[in-house]
Amino acid sequence: MSPEVHVVIERDGDIVTARQKGRALSASLGFGNNDQTIIALAISEIARNIVSYAQRGHLTLSPLDEGVRRGILIVARDQGPGIPDLELAMRDGYSTGRSLGVGLPGAKRVMDEFDISSTLGLGTTVTMKKWLP
Amino acid sequence: MSVPILKQGQVLIASIQSALSDQDLLQLRDDFADQIGRFRSRGVIIDVTALDVLNSFATRTLRAIAYTAKLRGAYTVVVGIQPDVAFSMVQLGLTLDGVATALDLEEGLASIKAQLDRSRANVP
């Protein structure tokens, strides 16, 4: 089983590294090309959010194995300012001005499971799962 | 890693490589705005064949490039969006509204030629 992958996100180029590692891990887990692209896209959206809003954070990519089903787990953590209104942030088209406002709701739409928690002044954690078809 | 811009007649062509960062895309936008004026270009082609992902930042910047070019008098075509990239954009809800697209470089050049012929035909 493939080991966990950690990626520190603190600059633009790290977003590219994160999505490439996500694609490589999902390929090694048996995801097809379409799913690999969707996983890489979702990773690039949440990594972009870290660079734009928190400046610094990290991503952990790991294999999921529950026996009957297998997949990939993506956890993004930052110690940024936090999101004041999560419900608003998850709304399509909402943005504080630095993006299209499609990143978070879009990532949620394409992944099988999506969870976001945020504490003002402490940071934000996004957890996403995608299961092998 | 900046993107080289090739000049072919009245058309500027940039082939984006897969490791392009968001900052490189912004640089490309500025380079195009500058070179369209310098070379009096009428068309811009952005070839994204090698890109494995088009995220919301990239689609927003491609729209910005196309609209900036339009204001500078040039017509933009994005070419080479791969099938799984297109599929993932649809799934996530990303659009390139208002930006012309073509299957590949050849189709893109044909599209710009047709556009230029049309605009010449409109001159009284």
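What radius of gyration would a compact globule of 124 residues have, and what does chain B have? The globule value is near 14 Å, and chain B has 14 Å, which agrees. The structure is a predicted model.

Chain B contains 4 helices and 5 strands. From the N terminus on, the order is β-β-α-β-α-β-α-β-α. The C-alpha trace of chain B spans about 45 × 25 × 20 Å along its principal axes. Of the 124 residues, 37% count as buried. Contacts that reach across the sequence feature in chain B. Among contacts between residues at least 6 apart in sequence, 75% join residues at least 24 apart.

B:Gln27 lies in helix 1 of chain B. B:Ala66 is 39 residues away from B:Gln27 along the chain. The C-alpha atoms of B:Gln27 and B:Ala66 are separated by 14 Å.

Chain A also has its elements assigned. There are 4 helices and 5 strands in chain A. Along the sequence they follow the pattern β-α-α-β-β-α-α-β-β. The C-alpha atoms of chain A fill a box of roughly 40 × 25 × 25 Å, taken along the principal axes. For 133 residues, a compact globule would have a radius of gyration near 14 Å; the value for chain A is 14 Å, so the two agree. In chain A, 41% of the 133 residues count as buried. Of the contacts in chain A with a separation of 6 or more, 61% come from residues 24 or more positions apart.

The two chains touch. In this interface, 18 residues of chain B are in contact with 23 residues of chain A. On the side of chain B that touches chain A, the elements giving two or more residues are helix 1 (22-38), helix 2 (56-71) and helix 3 of chain B. Which of these elements gives the most? Helix 3 of chain B does, with 6 residues. By class, the side of chain B that touches chain A has 7 nonpolar, 7 polar and 4 charged residues.

A helix pair spans the interface. Two packed helices are described by the angle between their axes and the distance between the axes. Helix 2 (residues 33-54) of chain A packs against helix 3 (residues 83-92) of chain B at an angle of about 55°. Their axes are 9 Å apart. That angle makes helix 2 of chain A oblique to helix 3 of chain B. An angle under 35 degrees would count as roughly parallel, and one of 65 to 115 as roughly perpendicular. The crossing of helix 2 of chain A past helix 3 of chain B is right-handed.

The residues that meet can be named on both sides. Helix 2 of chain A contributes A:Asn33, A:Asn34, A:Thr37, A:Ile38 and A:Leu41. Facing them in helix 3 of chain B are B:Asp84, B:Val85, B:Phe87, B:Ser88, B:Gln91 and B:Leu92. By class, this helix contact has 5 nonpolar, 5 polar and 1 charged residues.

Note on methods:
Residues numbered from 1 in each chain as written. Chains lettered and ligands numbered in written order. Predicted model: local features only at pLDDT ≥ 70, side-chain atom pairs only at ≥ 80, totals over all residues. Axes fitted to C-alpha atoms, helices over the stretch in contact; angles between N-to-C directions. Parallel < 35°, antiparallel > 145°, perpendicular 65-115°, else oblique. Left-handed = near helix turned anticlockwise from the far one by under 90°. Contact = placed C-beta atoms within 7 Å. Nonpolar A, V, L, I, M, F, W, Y, C, P; charged D, E, K, R; others polar. Rg over C-alpha atoms; globule rule 2.2 N^0.38 Å. Buried ≥ 20, exposed ≤ 12 C-beta atoms within 10 Å, placed from the backbone.
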